[in-house]
Amino acid sequence: MSIVPFIRGLENLSHILKKGSNAESTIPASQLVSARLHPDMQGLAYQVQRVSDTAKGAAVRVAGLDPVAMADTETTFEDLQERITQTLEILKRVKEEDMEGKEDQEVVMKTMRGEKKFTAKDYLLQYAVPNFYFHVVAAYAILRKEGMDLGKMDYLAGGRE
């Protein structure tokens with residue numbers, strides 16, 4: 001079990017946002033940050049916030065880091081980049097040994113519907129990783145829908161060749 005995929009996904013998302021914010025567009029940046037794929041879905045800022053929260057949650061629930069609250073007040077590309085930077089700083093504090101041997105550790109996730117219990121392995125594989133990538137892809141798709149010049153390699157490699 002590892003936190004590395006979350007780090008890489010956040011770095012790639014940072015690249016996607018940077019590319020989207022630097023693009024020449026007739027759409028104001030403030031409109032892009034609140035853009036949605038569909039009226040019943042949340043906007044770009046929400047997607048980035050959930051990516052951050054999911055990654056932080058994995059570090060807290062599995063590696064035992066202290067929770068770090070973030071206020072979900074981001075309204076600009078700069079705010080979103082700062083959120084990603086703060087999340088990366090938290091994740092980079094996780095040592096390999098913090099995740100080792102924890103596969104069968106109980107993880108309790110509190111939701112509005114009550115508590116959900118997992119083993120750490122099941123929490124990561126059945127909830128955290130899929131949820132994390134769902135929101136990364138949603139952020140990517142929102143910017144693509146809004147006409148940003150993004151491609152598969154931006155998503156996969158985050159500007160790295």
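Visitor: Which residues of α4 are buried?

Guide: In this predicted model, the buried residues of α4 are F77, L80, Q81, R83, I84, T87, L88, I90 and L91.

Visitor: Against which elements do the buried residues of α4 pack?

Guide: Their packing partners are α1 (4-22), α2 (29-34), α3 (44-61) and α6 (120-145).

Visitor: What span should helix α4 have, and how far apart are its end C-alpha atoms?

Guide: Helix α4 has 15 residues (77-91), so at 1.5 Å a residue it should span 21 Å; the end C-alpha atoms are 21 Å apart, which agrees.

Visitor: With which residues is Y123 in contact, leaving aside its neighbours within four places in sequence?

Guide: Y123 contacts T54, G57, A58, R61, V62, V107, M109, F118 and A128, when those neighbours are left aside.

Visitor: How much space lies in the largest pocket, and which residues are closest to its centre?

Guide: Rolling a probe the size of a water molecule over the atoms shows where empty space is left. The largest pocket has about 470 Å³ of space. Among its 18 lining residues, D53, T54, G57, R61 and Y127 are closest to the centre. The elements giving two or more residues to the lining are α3, β1 (106-111) and α6; α3 gives the most, eight residues.

Visitor: What classes of residue line the largest pocket?

Guide: The lining comprises eight nonpolar, five polar and five charged residues.

Terms used. Residues numbered from 1 in each chain as written. Predicted model: local features only at pLDDT ≥ 70, side-chain atom pairs only at ≥ 80, totals over all residues. Heavy atoms only, no water. Helix = DSSP H or I, 4+ residues; strand = E, 2+ residues; numbered from the N terminus. Expected span 1.5 Å × (residues − 1). Buried < 20%, exposed > 50% of the residue type's maximum accessible area, 1.4 Å probe, protein only. Contact = heavy atoms within 4.5 Å. 1 Å grid on protein atoms, 1.4 Å probe; cavity = no way out; pocket = protein on both sides within 12 Å on 5 of 7 lines; lining within 4 Å. Points joined across faces, edges and corners; volume = space filled by probe spheres on them. Nonpolar A, V, L, I, M, F, W, Y, C, P; charged D, E, K, R; others polar.
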